[in-house]
Amino acid sequence: MVRLKNRYICFEVQLETASDTNGSLSARVLLALIREQIQLNFGDSGAGRVLGGLQVKHFGQRTHLAIIKVPRDHCKMVQSALVLITHVQKQPCTVCVRHVSGTIKKCQRAAIRTDRELIISWHRRQQILSKTGATPATSDYCSLSEILKQSESTISS
């Protein structure tokens, strides 16, 4: 019996403008977008090779960080399709591949590290904006440590 070997790709979707589209971006939308991009750039042959083993393992709503599982032989094809994504739901974006690994555990560690960096930078920006009075304080505000714990637990699960 042959063991199927996979790669895990951790990447971030960076939207150019913050709008209401952020809440509607989900793992299902992301998977459909990747499938569409592979079909567009590599045709039926590329789509047939890759799409059977493609899965979204994690997608973070707050940071737009995702982990996908792909067949090892076609990892480069999926990476290039990710980089070629320019729009998500008619909104301009860029996709940055953060880490590629053979095990999900190593990919989760990289995702947690990247997630922490993104959350800390977001939190610092929010503090600066609240000091200048640019944005009102929200009632659902959480402390930085609570946000980091929530993020780590969702990625690890």
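**Entry 1: a loop**

Where does Gln89 lie? I found Gln89 in the loop between strand 4 (87-88) and strand 5. For the record, helices (H or I, at least four residues) and strands (E, at least two) are DSSP runs, numbered from the N terminus.

Before going on, a note on ground rules: this is a predicted model, where local features need pLDDT of at least 70 and side-chain atom pairs count only at pLDDT 80 or more, while totals for chains, interfaces and linings use all residues. Residues are numbered from 1 along each chain as its sequence is written, and side-chain values use heavy atoms, with hydrogens and water left out.

Back to the loop. Phi of Gln89 is near 50°, a positive value in a residue other than glycine. Lys90 sits in the loop between strand 4 and strand 5 as well, and Lys90 is not a glycine either, yet its phi is positive at about 65°.

Are these two buried or exposed? I needed the cut-offs: buried means under 20% relative accessible area, exposed over 50%, and partly exposed in between (1.4 Å probe, protein chains only). Gln89 has 36% relative accessibility, so it counts as partly exposed. Lys90 has 82%, so Lys90 counts as exposed.

**Entry 2: who touches Gln89**

I checked Val29, which is found in helix 2. Not counting residues up to four places away in sequence, Val29 touches Ser24 and Gln89; contact means heavy atoms within 4.5 Å. Val29 and Gln89 are 60 residues apart in sequence, but their C-alpha atoms are 8.7 Å apart in space. Val29 comes out at 26% relative accessibility, so I wrote it down as partly exposed.

**Entry 3: the whole chain**

I stepped back to count. The protein chain has 5 helices and 5 strands, and along the sequence they follow the pattern β-α-α-β-β-α-β-β-α-α. Of the 157 residues in the protein chain, 37% are buried. Then I looked at contacts between residues at least 6 apart in sequence: 73% of them join residues at least 24 apart.

**Entry 4: the cores**

Next up, nonpolar cores. Such a core is a set of buried Ala, Val, Leu, Ile, Met, Phe, Trp, Tyr and Cys residues joined through side-chain atoms within 4.5 Å. The largest one has 26 residues, and Phe11, Val13, Ile34, Ile68, Val78 and Leu82 touch the most other members. Which elements each supply at least two residues of this core? My list reads strand 1 (6-15), helix 2 (27-50), strand 3 (65-71), helix 3 (75-83) and strand 5 (91-101). Helix 2 gives the most, with 7 residues. Apart from this core lies another, of 8 residues, including Tyr8, Cys10, Ile67 and Ile112.

Leaving aside neighbours within four places in sequence, Val13 is in contact with Leu25, Leu30, His64, Val88, Cys93, Thr94 and Val95. Ile34 is in helix 2 and has 1% relative accessibility, so it counts as buried. Ile34 and Leu54 are 20 residues apart along the chain, with 9.2 Å between their C-alpha atoms.

**Entry 5: two helices**

How do helix 2 and helix 3 pack? Their angle is about 160° and their axes are 8 Å apart. Here axes are lines fitted to C-alpha atoms, for helices over the stretch in contact, and angles run from 0 to 180 degrees between N-to-C directions. So helix 2 and helix 3 are roughly antiparallel, a label for angles over 145 degrees.

I listed the contact itself: Ile34, Gln37, Ile38, Phe42, Gly46, Arg49 and Val50 in helix 2 meet Met77, Val78, Ser80, Ala81 and Leu82 in helix 3.

In helix 3, the buried residues are Cys75, Met77, Val78, Gln79, Ala81 and Leu82. They pack against strand 1, helix 2, strand 3 and strand 5.

**Entry 6: a proline**

Last stop, Pro71 in strand 3. Its relative accessibility is 16%, so Pro71 counts as buried. Not counting residues up to four places away in sequence, Pro71 touches Lys5, Asn6, Arg49, Val50 and Gly53. Pro71 and Leu51 are 20 residues apart in sequence and 9.0 Å apart in space, C-alpha to C-alpha.

How values were computed: Angles under 35 degrees count as roughly parallel, over 145 as roughly antiparallel, 65 to 115 as roughly perpendicular and the rest as oblique.
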